[in-house]
Amino acid sequence: MTTWDYSRPAKPNESERSTDGRNKIFYCKLCLNPSYSCQSLTSARYHLSHSHQIKVTDTETKAKRLRKIVYRIYRP
Ligand SMILES: [Zn+2]
């Protein structure tokens, strides 16, 4: 499980990305009323561990590194 496995898709009236478009907004799957959202995975992880006692062992750094490599390969 990664942090993103605990996120839900944005609702039609919610934005999927932060105002500058750089960060994907994390919406907590377990918090529906009220809903919880944040713009950083650090906050999301903190929220999961403190509100839901879920410790996420993330592979995010690896995924990020992989994306960077892919980007480099396909760059014109
Ligand atoms: Zn939550």
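Strands β1 and β2 (residues 35-38) run antiparallel and are joined by three bridges. The model is predicted.

**Strand pairing**
- F26 has C38 in β2 as its bridge partner.

**K29 and its surroundings**
- K29 is partly exposed, because 16 other C-beta atoms lie within 10 Å, a count between the limits of 12 or fewer for an exposed residue and 20 or more for a buried one.
- When neighbours within four places in sequence are left aside, K29 is in contact with Y6, S7 and R8.
- The C-alpha atoms of K29 and Y6 are 5.3 Å apart in space, although the two residues are separated by 23 residues in sequence.

**Y6 and the nonpolar core**
- Residues up to four places away in sequence not being counted, Y6 touches C28, K29 and L30, together with L48 and I54.
- The largest nonpolar core consists of five residues, namely Y6, F26, Y27, A44 and L48.
- Two or more residues of this core are given by each of β1 and α1 (41-51).
- Y6 thus belongs to the largest nonpolar core and also touches K29, a partly exposed residue.
- F26 is likewise a member of this core, besides being bridged to C38 in β2.

Technical notes. Residues are numbered from 1 along each chain as its sequence is written. This is a predicted model: local features need pLDDT of at least 70, side-chain atom pairs count only at pLDDT 80 or more; totals for chains, interfaces and linings use all residues. Two residues are in contact if their C-beta atoms, placed from the backbone, lie within 7 Å. A nonpolar core is a set of buried Ala, Val, Leu, Ile, Met, Phe, Trp, Tyr and Cys residues joined through C-beta atoms within 7 Å. Helices (H or I, at least four residues) and strands (E, at least two) are DSSP runs, numbered from the N terminus. Two strands pair if DSSP finds at least two bridges between them.
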